[in-house]
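Please keep the sequence and the 3D structure in view while reading.

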Amino acid sequence: MPKNSKVTQREHSNEHVTESVADLLALEEPVDYKQSVLNMAGEAGGKQKAEEELDAEDRPAWNSKLQYILAQIGFSVGLGNIWRFPYLCQKNGGGAYLVPYLVLLIIIGIPLFFLELAVGQRIRRGSIGVWHYVCPRLGGIGFSSCIVCLFVGLYYNVIIGWSIFYFFKSFQYPLPWSECPVSRNGTVAVVEAECEKSSATTYFWYREALDISNSISESGGLNWKMTLCLLVAWSIVGMAVVKGIQSSGKVMYFSSLFPYVVLACFLVRGLLLRGAIDGILHMFTPKLDKMLDPQVWREAATQVFFALGLGFGGVIAFSSYNKQDNNCHFDAALVSFINFFTSVLATLVVFAVLGFKANIMNEKCVVENAEKILGYLNNDVLSRALIPPHVNFSHLTTKDYAEMYKVIKTVKEDHFSALGLDPCLLEDELDKSVQGTGLAFIAFTEAMTHFPASPFWSVMFFLMLINLGLGSMIGTMAGITTPIIDTFKVPKEIFTVGCCVFAFFVGLLFVQRSGNYFVTMFDDYSATLPLTVIVILENVAVAWIYGTKKFMQELTEMLGFQPYRFYFYMWKFVSPLCMAVLTTASIIQLGVTPPGYSAWIREEAAERYLYFPNWAMAILITLIVVAVLPIPVVFVLRHFHLLSDGSNTLSVSYKKGRMMKDISNLEENDETRFILSKVPSEAPSPMPTHRSYLGPGSTSPLETSGNPNGRYGSGYLLAGTPESEL
């Protein structure tokens, strides 16, 4: 301290120290922190060395705003936008489904997405550090987010492995799933029975790719082809994230933008296909009565929730590498609407292609049934008088067949069912709902076999899926690595590589012959309920414990302008209520509908819905319990003071050359030691472990470090009162 400071004068005088630290520091002159005995370098006057050490502790930052936005888009826009949103749109009223989706995006999606962006950018930590800072007793939220990310990453990368398998199989003509395999018994060609009963693409998926067993209870051993693909997938992810945002940020330029190039190409190509307009019109024809169905709103809320990646910690991790003055308010709206636009674009592409496929299948149905009618005519089962004179079987149109079908059905009403004729309606083909792997690996691949230059389109499609999955996996891995590295200070590269190796070996569960059923289990149950619990507690922690007014004030200081009051009411009332309803509905749905899966029965060449056996139910329940368990455990440990929350730790931060001190929890001996400390070794550590909760009534803003990039362990004022009160 300067020799003429009042604290120094008191130290060398014979007067007893009776004043509090607050009284003394109120009279203290501003001090340059780089010349202070409490400077980060630990050396008085060591300006150059201090700057070097401060630079070494700089938190990594994005190279540009574009890189950050692409990372958030890459994380939020994933496989669900391609194969989940179109299915929900078709199932829940076509164009009418967009209304509840947009409403819920505005009142749930954008406010909660903005909340995660803001807390990450403000506190500059991963999910564990953020929620420990906001409310130590709810610090378990961050650990739960990490566990959910682990569960999702385990099976999500398996899907990338499937896409890699199809990608390499696409480099041949004709595509291997375009025809059923034929075996020869002497001079007789025999079509594989399983393929003949189903279809070439279905057979290739279940038998050639997965070699699937009949139930989850039949392991069947490892599928070596998928094991290698999983190894490749984890190797790609590991290389992308091993250096943190320095490596993953560069990957995002390609993995986030390339899918849009492919979608645009597919849209143009799809619109030129025969029947594409039929699919698009069927897709967007609104069924307004569906808007009154509560189930539609529940599924729309769930899709909004998962589409933005809320609760995973990836959003918080990415935003924690931003500068303090970044406009995350604009980012939240931008990324949310880009996500919505991507979903609509993907829906156009999917139904343009499925409209083309529906026309192909409808024409095939007409040909097959026309051959049946000709057979009945030749065997005098049907009279030729029933056939309209203008009908030409050599060039039979769907309209002619519909007319002929109607006449035969009217005349042969009593015996019509015995004829086995199908109506061959285009609407029936378009109404066949497909989602998930059924859409990507069966319906879409079948449609692409009818494309000119089909291998090219197949390569593009599966390369797009790989990049969509990679972008989401990078965000998921960030949700694990960033909070763990921030909290426990483990070496980044070693921990990241260790995570990938561990995940690969655990992921072998998903590449055995019954692995697809475990993917279904994890996809349906390991994240849905835990994430809704996590996000509602995030909302409550900020809005009701930390305080919405206080949070809005701090956002105003950080952004330089006050966010819309709309967010205040959404965070305080609307979003928590909607999330509570969604959580309740998810629990009811879980209880009403017995958990099960669609099993492929080889002998029947068809799917059958089976319930999970007892041991699988035990795994399912364990997944949910393990994911949410850290929340009550940390709450109980800190409530009964069995786990320290660091509330007695002196913490220091600097802003604009002033030294800020937290004295809210100092004891008498600590005050004396703080005043009399003269050498760096005796100075209190400037590395805060957490911020004591001040209560929602506090109006003191967070004081942050003047350094725009912040620090791992410093840069936050953890004081209970403003400097003027000290």
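## Terms and basis

A residue is called buried under 20% relative accessible area, exposed over 50% and partly exposed in between, with a 1.4 Å probe and protein chains only. The model is predicted, so that local features need pLDDT of at least 70 and side-chain atom pairs count only at pLDDT 80 or more, while totals for chains, interfaces and linings use all residues. Residues are numbered from 1 along each chain as its sequence is written, and side-chain values use heavy atoms, with hydrogens and water left out.

## Salt bridges

A search of the whole structure finds eleven salt bridges, each being a side-chain nitrogen of Lys or Arg within 4 Å of a carboxyl oxygen of Asp or Glu. Glu194, Arg207, Asp211, Arg513 and Arg602 are linked in a network of such bridges. Within it, Arg207 pairs with Glu194, their closest N and O atoms being 3.1 Å apart; Arg207 belongs to helix 11 (residues 200-209) and Glu194 to helix 10 (residues 193-197), helices being DSSP runs of H or I with at least four residues, numbered from the N terminus. Arg207 counts as buried at 7% relative accessibility, and Glu194 is buried at 4%.

Arg513 forms a salt bridge with Asp211, with 3.7 Å between the closest N and O atoms, and this pair links parts of the chain that are 302 residues apart. Here Arg513 is partly exposed at 23%, as is Asp211 at 29%.

Glu299 forms a salt bridge with Lys91, the closest N and O atoms being 2.9 Å apart. Glu299 lies in helix 15 (residues 294-307) and Lys91 in helix 6 (residues 85-91), so the pair ties together parts that are 208 residues apart in sequence. Glu299 is buried, at 7% relative accessible area, whereas Lys91 is partly exposed, at 32%.

## The largest cavity

The largest cavity holds about 180 Å³ of space. Among its 19 lining residues, Gly244, Ile245, Tyr321, Thr481 and Thr482 lie nearest its centre; a cavity is a set of points on a 1 Å grid over the protein atoms alone where a 1.4 Å probe fits but cannot get out, and lining residues have an atom within 4 Å of a point. The volume is the space filled by probe spheres set on the points, which are joined across faces, edges and corners.

Helix 22 gives the most to this lining, with seven residues.

How values were computed
1 Å grid on protein atoms, 1.4 Å probe; cavity = no way out; pocket = protein on both sides within 12 Å on 5 of 7 lines; lining within 4 Å. Helix = DSSP H or I, 4+ residues; strand = E, 2+ residues; numbered from the N terminus.
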